[in-house]
Amino acid sequence: CLLDNLRDGVIFVDSQSRIMVWSQTVEVMTGMSANKVDGMELTPSMLRLSDSLGNEIPNSKSPIDQCFEQRRKISGDYILIGRSGREAKIEMTFIPVIGSHDSLHGAIILAHDSTVQLDLQRQLKDLYKFSMLDPLTQVANRAQFERALDEFVRLRNTSDFECSLIVCDIDFFKAVNDNYNHHIGD
């Protein structure tokens, strides 16, 4: 099937929310085979679907129903828990299929697993923070100071705004650490 070659999951439901198409990618995301779900009503509880904050979505607040009622595309970020217990961050789009005379045929649901991208973004943010801040004090380190200083000087050289920079060094600071411990010095 052509849909099985897509990276994103594709589901088609009829106007009663009964599953007509369940792509292989959706099988992987949910752990449920197309044969098992064919003809079943697609509900948030079936997908173990939560909003992006982890709040379970009740069947009465189904995004599919919202899509049908509003007759427009609904998109959002969700958390889907597969049968194996794997939690996936999913971007879902619910698109109504409307025929002539405004008749509702069903909806196409596109599901994009963004778990890997979000994890990479979080890791990059953590690495950036780690490279800029002292882990103990959370104060910017020398490398961050030098980057900020270069940026500050560059901006001031292109403006008429006059300013000064004062850098202080505390002599014999080692004595503070030795007498009062490093946590006080920090």
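In this predicted model, the side chains of D14 and R18 form a salt bridge with an N to O distance of 2.8 Å (a salt bridge being a side-chain nitrogen of Lys or Arg within 4 Å of a carboxyl oxygen of Asp or Glu). D14 is buried, at 11% relative accessibility, while R18, at 38%, is partly exposed; buried stands for under 20% relative accessible area, exposed for over 50%, and partly exposed for what lies in between (1.4 Å probe, protein chains only). By this rule, five salt bridges are counted.

Another of these pairs is D102 with R71, whose closest N and O atoms are 3.4 Å apart. The pair links distant parts of the chain, 31 residues apart: D102 sits in the loop between β5 and β6, and R71 in the loop between α4 and β4. Helices (H or I, at least four residues) and strands (E, at least two) are DSSP runs, numbered from the N terminus. D113 also forms a salt bridge, with R86, at 2.9 Å between the closest N and O atoms. Here, strand β6 holds D113 and the loop between β4 and β5 holds R86, 27 residues away. D113 is buried at 18%, whereas R86 is partly exposed at 39%.

Beyond its neighbours within four places in sequence, L47 is in contact (heavy atoms within 4.5 Å) with residues including W22, L42 and M92.

Residues are numbered from 1 along each chain as its sequence is written, and side-chain values use heavy atoms, without hydrogens and water. As the model is predicted, local features need pLDDT of at least 70 and side-chain atom pairs count only at pLDDT 80 or more, while totals for chains, interfaces and linings use all residues.
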